[in-house]
Amino acid sequence: MAIKFILMLSRQGKPRLTKWFLPLSSLQKAKTIADVATLVLSRKKSECAFIEYQDSTLTHRRYASLHVIAASCTTDNHLLALEILHRFVQCLDMYFGDVCELDIVFGIREAYAVLDELVVAGELCESSKVSAVKAVRGMEKVEDVEEGEEER
């Protein structure tokens with residue numbers, strides 16, 4: 001299962017988190033974000049979570065005020081992509097405690113760190129929520145120790 005990109009959009013279509021697993025120019029990325037935002041935000045809550053987009057399938061799920069979207073090959077298992085998105089949000093919930101849009105805005109480094117623990121090169125790397133969050137918290141402790149040593 002190769003994920004091409006993961007996006008987290010606000011209800012207004014503003015990108016809050018973007019992770020690309022394929023090389024695209026900044027113009028292509030901006031166009032893709034705009035197209036995906038238009039497609040996803042115009043859908044009703046009762047509609048299917050899978051959308052065909054160019055040579056990919058978009059898998060999306062809405063969590064409160066955030067839309068989390070993953071693009072994968074049309075031949076991949078889309079339910080697995082949905083599960084990866086859900087696992088990512090569960091990890092963010094464990095880390096931030098009931099994650100919201102402001103947590104992502106003000107804790108963007110931590111959100112990327114959680115995503116990087118879970119997904120590497122478009123593939124699910126760590127399936128354990130506890131291990132992923134523990135690794136990010138461990139990184140934070142190391143950073144705090146290093147900052148303390150620099151201040152001395």
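## Strand pairing around E5

In this predicted model, methionine 8 has valine 68 as its bridge partner in strand E5. Methionine 8 also pairs on another side of the story: in E2, its bridge partner is leucine 17. That makes methionine 8 a handy place to begin a tour of the strands.

Let us start with E5 itself. Strand E5 spans residues 66-73 and is mostly covered, with 7 of its 8 residues buried. Two strands are joined to E5 in antiparallel fashion: E1, residues 3-10, through 7 bridges, and E4, residues 56-63, through 8 bridges.

| Strand pair | Direction | Bridges |
|---|---|---|
| E1 and E5 | antiparallel | 7 bridges |
| E4 and E5 | antiparallel | 8 bridges |

E1 and E2 have 4 residues between them, with glycine 13 in the turn at a positive phi of about 90°.

As background for looking along these strands, side chains in a regular strand alternate between the two faces of the sheet.

Now for the wider view. The protein has 5 helices and 7 strands, and from the N terminus on the elements follow the order β-β-α-β-β-β-α-α-α-β-β-α. Contacts between residues 24 or more positions apart make up 52% of those with a separation of 6 or more.

What about overall dimensions? The radius of gyration is 16 Å, which agrees with the value near 15 Å that a compact globule of 152 residues would have. Along the principal axes, the C-alpha atoms fill a box of roughly 55 × 30 × 30 Å.

Finally, the surface and the charges. Of the 152 residues, 38% count as buried. The accessible surface comes to about 8,600 Å², and carbon and sulfur atoms account for 53% of that area. There are 19 positive and 23 negative side chains, and the centres of these two sets lie 8 Å apart.

Technical notes. Residues are numbered from 1 along each chain as its sequence is written. This is a predicted model: local features need pLDDT of at least 70, side-chain atom pairs count only at pLDDT 80 or more; totals for chains, interfaces and linings use all residues. Side-chain values use heavy atoms; hydrogens and water are left out. The radius of gyration is taken over C-alpha atoms; the globule rule is 2.2 Å times the number of residues to the power 0.38. Buried means under 20% relative accessible area, exposed over 50%, partly exposed in between (1.4 Å probe, protein chains only). Contact means heavy atoms within 4.5 Å. Accessible areas come from the Shrake-Rupley method with a 1.4 Å probe; for residues, only the protein chains shown count as cover. Lys and Arg count as positive and Asp and Glu as negative; His and the chain ends are not counted. The place of a charge is taken as NZ of Lys, CZ of Arg, CG of Asp or CD of Glu. Two strands pair if DSSP finds at least two bridges between them.
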